[in-house]
Amino acid sequence: MGEPHAGPGPSGSGPGPSASGPGRPEPSAGAGRAAALRDSRAVLLGNGLNGRDLRDALTARYDSWLAEVFAAAAGDRPDLALVAVGGLGRREPAPYSDLDLVLLHRGRADVETVANAVWYPVWDARVGLDHSVRTVEQALGVAKDDLRAALGLLELRHLAGDPALSQQLRDGAYQAWRQGSPRRLPELRAATLARWRTAGELAFLLEPDLKEARGGLRDVHALHALAAAQLLDPPGAAVAAARDTLLDTRGELQRRAGRALDRLVQQEQPAVAAAAGRADADDLLRAVADAGRTIAFAADTAWRQVEAELESRRRTRLFRRSDRRGPDRRPLADGVVEQGGEVVLARDADPWADPVLLLRAAGAAARAGLPLAPHALDRLATESAPVPSPWPADARDAFVDLLGTGHRAVPVLEALDRAGLLVRLIPEWAAVRSRPQRNPVHRFTVDRHLVEAAAEAAALTRTVARPDLLLLGAFLHDIGKGYPGDHTEAGVV
């Protein structure tokens, strides 16, 4: 639902009571509805639907069933509404994930009776449930002090009852989030970093957590929260496609496991790969890794932009004036400048007329320890002419210069890769991009292993007569992996 996982306030999750309680519907009605949901969900999971089609079908079934349950519990009484947050709120339910529901009211004395009549059928259907009962004021009050609750309300979707009540909470949640962004976003950033430290990086794990790891679904949710603060645009098509890859994989994983499971455990990977239409388990893991890297790169870019914007606002408030001069520009290389803590192209730079500009910009960024600006990457991707083949001396020198910056080159090469520029420079790179390595010796996918090897080799360039060959040899030593036959012989070719 949010970052990290929780409902929009204290909730009682789990299987729920089975004994009769206040407001519990008659067994015949409640049991019949619960059985209907169990049976229809089993049909949906067994009829060959997968991916977005399965998520849409589950969303439609949950929505209609919960509307029926709410109508039976609340009748035509006004001032009540049932809303979904989390996966159902986003229309992204996984087969066995919990439903996150909030019953809203305007101070009704009988609200607990209605709530029990809604929650019990869900429990009886053996569906996990995170639930809470709130007035709008109570929900906003909880969110004010609870980051997880605040994030959950940003995903709110009306299901049944009074739509005006649901809209009131949604409007209030977004207004509070935007107004409180200087305080809430650093809190979200700290929670994100803590999660990354715990869950690791999705792209380089053989059993990645599709939700919690760096580059996982939680980071997509965080990107939408940053957009809700009106500090940047919502995630684009590349992130949406990466999200769908992870959601599709999680859906097949849970269908196979028959339970709520977000870690792509190795014993399930072959079957999940087959169900997802992948060639084999390695092909599945490669697609998941590539999706994770796309999301992680987008998250890094977004957080950098948000932190710069918050700092700019802080300075403006501190000095009570606007800086009308614009950001300073500092030359870094021919056609390359620094602006606002990022590397951009000079105004008169022409990537088409200067095909080596791409490599000079990358080298300048690595030497300065700065990121390539998204706009610069877009220009280089859409306007650059191909580097002549064979590469001219200045192109080779610029590439060796980039590799010689050591570990500062790693994020720059990752940026080139995400923009599709690295495979344009080295077509053979396509065979090793995000390719998994299933042994304990290698910590990274093949392509990242090559980048890291070159970064380590940069520390040794003063000990050899030909540092250029050392760097290029390290960078290309496994380039033959992914081709038939011995990878050493293929790499030589």
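Among contacts in the protein chain that link residues at least 6 apart in sequence, 70% join residues at least 24 apart. The model is predicted. The protein chain has 493 residues, of which 51% count as buried, and its secondary structure comes to 20 helices and seven strands. Two cavities of 30 Å³ or more turn up in a search of the whole structure.

**Overall dimensions and surface**

- Taken along the principal axes, the box filled by the C-alpha atoms of the protein chain is roughly 85 × 65 × 35 Å.
- The protein chain exposes about 22,200 Å², and carbon and sulfur atoms supply 52% of that area.

**Largest cavity**

- Rolling a probe the size of a water molecule over the atoms shows where empty space is left.
- The largest cavity holds about 80 Å³ of space.
- Its lining is made up of 14 residues, and those closest to the centre of the cavity are Gly-51, Leu-54, Arg-55, Leu-247 and Gly-251.
- Two elements, α2 (51-74) and α10 (237-257), each give two or more residues to this lining.
- The largest share comes from α10, which supplies five residues.
- By residue class, the lining of the largest cavity divides into six nonpolar, three polar and five charged.

**Second largest cavity**

- About 60 Å³ of space lies in the second largest cavity.
- The residues that line the second largest cavity are Arg-293, Val-410, Leu-413, Glu-414, Asp-417, Leu-422, Trp-429, Asp-447, Arg-448 and Val-451.
- The elements giving two or more residues to this lining are α16 (409-418) and α18 (446-457).
- Helix α16 gives the most, with four residues.
- The lining of the second largest cavity has five nonpolar residues, no polar ones and five charged ones.

**Arg-418 in α16**

- Arg-418 lies in helix α16, the helix that gives the most residues to the lining of the second largest cavity.
- Arg-418 counts as buried because its relative accessibility is 17%, and the cut-off for buried is under 20%.
- Leaving aside residues up to four places away in sequence, Arg-418 touches Asp-290, Arg-293, Thr-294, Phe-297, Arg-433 and Ser-434.
- One of these contacts, Arg-293, is also among the residues that line the second largest cavity.

**Helix α4**

- Helix α4 covers residues 111-124, which is 14 residues.
- From its first C-alpha to its last, α4 reaches 20 Å, close to the 20 Å expected at 1.5 Å a residue.
- Helix α4 is mostly covered, with 11 of its 14 residues buried.
- Glu-112 is found in α4 and is partly exposed, because its relative accessible area is 48%, between the cut-offs of 20% and 50%.
- Arg-126, which follows α4, has a positive phi, near 60°.

**Backbone features in loops**

- Ser-389 and Pro-390 are joined by a cis peptide bond, with omega about 0°.
- Pro-390 has its place in the loop between α14 (374-383) and α15 (393-403).
- Arg-91 is not a glycine, yet its phi is positive, at about 65°.
- Arg-91 lies in the loop between α3 (86-89) and β2 (99-105), and with a relative accessible area of 43% this residue is partly exposed.
- Gln-230, also not a glycine, has a positive phi of about 60°.
- The loop that holds Gln-230 runs between α9 (217-228) and α10, and α10 is the element with the largest share of the lining of the largest cavity.
- Gln-230 counts as exposed because its relative accessibility is 54%, and the cut-off for exposed is over 50%.

Conventions:
Residues are numbered from 1 along each chain as its sequence is written. This is a predicted model: local features need pLDDT of at least 70, side-chain atom pairs count only at pLDDT 80 or more; totals for chains, interfaces and linings use all residues. Side-chain values use heavy atoms; hydrogens and water are left out. On a 1 Å grid over the protein atoms alone, a cavity is a set of points where a 1.4 Å probe fits but cannot get out, and a pocket is an open set with protein on both sides within 12 Å along at least five of seven lines; lining residues have an atom within 4 Å of a point. Grid points are joined across faces, edges and corners, and a volume is the space filled by probe spheres set on the points. Ala, Val, Leu, Ile, Met, Phe, Trp, Tyr, Cys and Pro count as nonpolar, Asp, Glu, Lys and Arg as charged, and the others, Gly among them, as polar. Buried means under 20% relative accessible area, exposed over 50%, partly exposed in between (1.4 Å probe, protein chains only). Contact means heavy atoms within 4.5 Å. Accessible areas come from the Shrake-Rupley method with a 1.4 Å probe; for residues, only the protein chains shown count as cover. The expected span of a helix is 1.5 Å times one less than its number of residues.
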